[in-house]
Every structure is written in C-alpha cells, then in structure tokens.
Amino acid sequence: MTITAIIVAAGKGERAGGPVPKQYAMVGGKSLLAHAVMAFSSHQSIDQIIVVIGEGQSDLAREALGEVAGLRIITGGAERQDSVAAGIAAAGDADILLIHDAARPFLPHTVINRLIEAMETSDGAVPALPVADTLSRGNQHLGDVVDRTNLYRIQTPQAFRAEAIKTAHSQWRGPVATDDAQMARAAGYRVALVAGDIMLEKVTTPQDFAEAERRISARLISRSALGFDVHQLASGEELWLGGVRIDHDKGLVGHSDADVALHALTDALLGALGDGDIGTHFPPSDPQWRGARSQRFVEHAAQLVSAAGGIIDHVDLTLICEAPKIGPHKDAMRAAIANMLGISVRHVSVKATTTERLGFTGRGEGIAAQAIATIRLPEGN
Ligand code: CTP
Ligand code: MG
C-alpha cells in the first residue's frame with residue numbers, strides 16, 4: 001500500500017494579509033509550508049509528497065523548502081479544489097492520498113497514524129474535533145441555538161482511497177467546496193471521523209499567527225550542549241576556520257578540511273539532539289569524508305534538528321589560538337555559519353582568545369575550539 005501526501009499551498013492568504021502568502025510566512029523559525037512538509041517527510045509511512053503552489057510562487061517555495069528528499073512541486077489553480085485536483089492528477093498510482101492544507105502547519109504523527117488505521121476499513125477518513133461552545137445561528141442579536149450534539153469541526157489531512165477521491169472530484173457539481181471529504185460523501189463514499197488535534201488549527205487571520213507561535217512554543221523544550229575539538233597546525237596545509245579560508249603560514253591537519261570550529265559546532269548540535277557525535281556520523285575510516293568540507297557536517301547536523309521538528313535558537317563559538325588573529329574574520333565566519341544553519345547572523349556568535357602563550361595553543365602547535373548550541377525540540381524527542 002503506497003501513500004502520497006498532497007499539500008495544497010497555492011492560496012493567496014488574503015485574510016491573513018502580510019507581505020507574502022501566509023503559507024510562506026514564518027512560525028517557530030520555519031514557514032508554515034516547511035512545517036507541514038516536515039511532518040510528512042519525517043513519517044515513515046509516507047512514500048511521496050506533492051506540494052501544490054500558486055503561479056509565480058516557485059522562488060518562495062524553493063526558499064521555504066530547500067532540499068527535501070522525495071518532494072515534488074507542481075502548480076495549482078484558482079480555488080482550493082482546483083489545486084487539490086492538480087495534486088490528485090500528479091499522484092500517479094498511489095493507493096491512498098492524504099490531502100492537507102499548508103495553512104495547518106503543526107501536524108502530529110498521531111493524527112497521521114489514526115487516519116492510516118481508519119483507512120483499513122473506510123473509503124476516507126478525516127480528523128474531527130467536537131464543538132465545545134454554544135452555537136447560535138443569527139446576526140447581531142442572538143439567534144436560535146443550534147444543538148451541538150454530534151457537531152464536529154473537520155480538519156485536514158483528509159485521507160482517501162485514491163480511486164474514490166478521483167471519482168468524487170470528477171462527479172462534484174456543487175458550489176466551490178472547502179474540503180474534499182464533502183465531495184467524497186456526495187459521491188456516496190463513507191468517510192470515517194478520527195480524533196483531530198488542536199495543534200492542527202488552521203492559520204487564517206493575522207491573529208492566528210500569534211496563536212500558532214504560542215502553540216508551537218508550548219511544545220518545544222530548550223536544550224543546550226557543548227562541543228570541543230583540537231587540530232594540529234602544520235606547514236603546507238590550508239587553514240579553514242568557521243567555514244572561511246584564511247591566509248596563514250600553517251594550516252590544520254585532519255582527515256577532512258580540519259575546520260576545528262565547525263567540528264566543535266557539529267558536536268554541539270549533535271549533543272543537543274542527543275544523537276552521538278561527529279565520529280559516529282562521519283567515521284574517519286570512511287573514505288568519503290577524506291578532504292570533505294566540514295560545512296557538510298554542520299549542514300547535516302542542522303538537517304537532523306530540522307527533521308526532529310526542532311529549531312536552532314543560538315550558537316556560540318570560542319576559538320583558542322595565538323595566531324592567526326581571528327578578529328578580522330569573525331563577521332565572515334558568522335555569515336558562513338548562519339548560512340549553513342539557515343538562521344539569522346544575529347543568532348551566531350564567534351569569539352576568540354589566546355592562552356597567554358601557555359600550552360599547545362600558546363606554542364602555536366594547534367588550534368582548539370569550543371562551541372555551544374541552544375536548540376528547541378518538540379516534547380518527547
Ligand atoms: N489553497 C490552494 N489553492 C487555492 C486556494 C487555497 O492550494 N487556489 C490552499 C491554501 O494555500 C491553504 C489551503 O488551501 O493551504 C486552505 O485555504 P485557505 O485557508 O482559504 O488559504 P488561502 O486561500 O490562501 O487564504 P484566503 O482565503 O484568506 O485568501
Ligand atoms: Mg481561501
């Protein structure tokens with residue numbers, strides 16, 4: 001059984017306002033769309049992800065998403081249902097489709113699991129939340145109270161047998177539909193209700209952004225970890241420090257480019273994740289890392305944070321050496337590291353100190369580096 005996720009992100013976000021359509025706006029350090037993609041890409045049952053974007057949004061989408069394995073980006077249409085139809089047409093021969101709004105960034109794996117389980121016995125399944133408030137139909141003055149028994153708010157992702165939702169879309173003759181489950185039902189298919197989640201609330205208005213920020217923050221727990229590394233200085237080697245090549249009479253010796261600062265930083269990030277160290281991820285015995293740019297190690301660690309649904313809040317480095325002078329290169333290092341981590345340069349600090357000519361750093365035999373990384377990870381990681 002193959003499962004394709006279709007994320008519709010082709011809207012204009014008119015009610016949310018803002019300089020870019022809401023799916024490209026940031027919450028918790030990532031765009032709404034990137035959060036939604038990450039929820040599927042980190043779930044083991046999802047075989048393919050199709051993101052449906054609007055005309056002229058490909059630069060925004062590329063910036064928001066970077067490289068995600070198994071991701072396809074296609075163009076949608078004027079109404080949500082047109083965008084979904086484009087996604088369905090692109091899905092190939094998947095057995096089950098999960099159709100999701102990019103405007104619902106926080107998608108718990110528990111909801112995906114419930115939907116997949118319900119699909120064993122149903123043509124479709126949707127997350128639903130019971131209505132808790134008293135309901136009144138009317139304007140300005142209280143109208144008739146609507147009995148809320150068995151009333152539900154329907155969320156996405158909505159799961160369907162691919163054949164069923166294809167048929168439902170082609171048969172739909174009603175007005176513009178706000179979701180796909182109503183089309184499936186109209187075509188005579190049974191759609192099961194599974195428990196929804198308040199994390200899945202849709203971002204629609206400007207106020208919803210503050211609420212979404214609050215929801216994601218409440219689920220994230222801060223963690224910090226240290227990294228430390230030393231490499232020997234020798235003649236005839238290039239000197240790479242903090243991702244920047246520095247002119248110097250000596251360079252650092254190591255099986256990669258020996259960028260001691262980036263190695264310490266990689267270890268700090270892996271430490272904060274509780275996921276081993278640079279040696280376990282990039283064994284020196286593996287020839288593919290010989291002469292590798294250490295930038296790849298840092299980027300890999302940053303991707304692991306992101307895959308865990310985390311955010312890098314801040315990193316701080318201390319380089320310990322007598323020479324070269326670090327001061328003139330600090331800003332270039334900060335910019336290079338910020339770029340590798342995909343965070344603002346304001347959240348990257350680079351410092352340096354000598355050891356008063358004492359010890360191996362004092363004698364210029366090597367350079368040491370310390371790093372600390374502060375990240376936030378979802379509860380339970
Ligand atoms: N959507 C889409 N194609 C459209 C319209 C909407 O893919 N032609 C997507 C949106 O990007 C969003 C989801 O459908 O992820 C739900 O739609 P909605 O919340 O209405 O988003 P927008 O249409 O962008 O917002 P607005 O209606 O305020 O303009
Ligand atoms: Mg809309």
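In this predicted model, P157 sits in the loop that runs between β10 (152–154) and β11 (158–161). The bond joining T156 to P157 is a cis peptide bond, with omega at about 10 degrees. A further cis peptide bond links A323 and P324, where omega is about 0 degrees, and P324 belongs to the loop between β17 (311–320) and α11 (330–341). Another backbone feature is found at N150, a residue other than glycine whose phi has a positive value near 60 degrees; N150 is placed in the loop between β9 (144–146) and β10.

The backbone sites can be set side by side as follows.

| Site | Angle | Loop |
|---|---|---|
| T156 and P157 | omega about 10 degrees | P157: between β10 (152–154) and β11 (158–161) |
| A323 and P324 | omega about 0 degrees | P324: between β17 (311–320) and α11 (330–341) |

The packing of helices comes next. Two packed helices are described by the angle between their axes and the distance between the axes. For helix α3 (residues 80–90) and helix α5 (residues 162–171), the axes are 11 Å apart and the angle is about 140 degrees, which makes α3 oblique to α5. The crossing of these helices, α3 and α5, is left-handed. On the α3 side the contact is made by Q81, V84, A85 and I88, while α5 contributes I165, K166 and H169; by class, the residues of this contact between α3 and α5 are 4 nonpolar, 2 polar and 1 charged.

Helix α8 (residues 260–273) and helix α10 (residues 295–307) have axes that come within 9 Å and cross at roughly 15 degrees, so α8 is roughly parallel to α10. The crossing in which α8 passes α10 is left-handed. From α8 the contact draws on L262, H263, L265, T266, L269, L270 and L273, and from α10 on Q295, F297, V298, A301, A302, L304 and V305. The residues in this contact of α8 with α10 comprise 11 nonpolar and 3 polar, with no charged residues.

At the level of the whole protein, the chain is divided into domain 1 (3–218) and domain 2 (221–378). The centres of domain 1 and domain 2, taken over C-alpha atoms, are separated by 40 Å, and the contact takes 6 residues from domain 1 and 5 residues from domain 2. The size of an interface is often given as the accessible area lost when the parts come together. Between domain 1 and domain 2 the buried area is about 410 Å², and carbon and sulfur atoms give 49% of that area. Within domain 1, the residues that lose the most area to domain 2 are G28, K30 and M38, which together account for 64% of what that side buries.

Note on methods:
Residues are numbered from 1 along each chain as its sequence is written. Chains are lettered from A and ligands numbered from 1 in the order in which they are written. This is a predicted model: local features need pLDDT of at least 70, side-chain atom pairs count only at pLDDT 80 or more; totals for chains, interfaces and linings use all residues. Side-chain values use heavy atoms; hydrogens and water are left out. Axes are lines fitted to C-alpha atoms, for helices over the stretch in contact, and angles run from 0 to 180 degrees between N-to-C directions. Helices (H or I, at least four residues) and strands (E, at least two) are DSSP runs, numbered from the N terminus. Angles under 35 degrees count as roughly parallel, over 145 as roughly antiparallel, 65 to 115 as roughly perpendicular and the rest as oblique. A crossing is left-handed if the near helix is turned anticlockwise from the far one by less than a right angle, and right-handed if clockwise. Contact means heavy atoms within 4.5 Å. Ala, Val, Leu, Ile, Met, Phe, Trp, Tyr, Cys and Pro count as nonpolar, Asp, Glu, Lys and Arg as charged, and the others, Gly among them, as polar. Domain bounds come from an automatic or database domain assignment. Buried area is the accessible area (1.4 Å probe) that two parts lose on being put together, summed over both.
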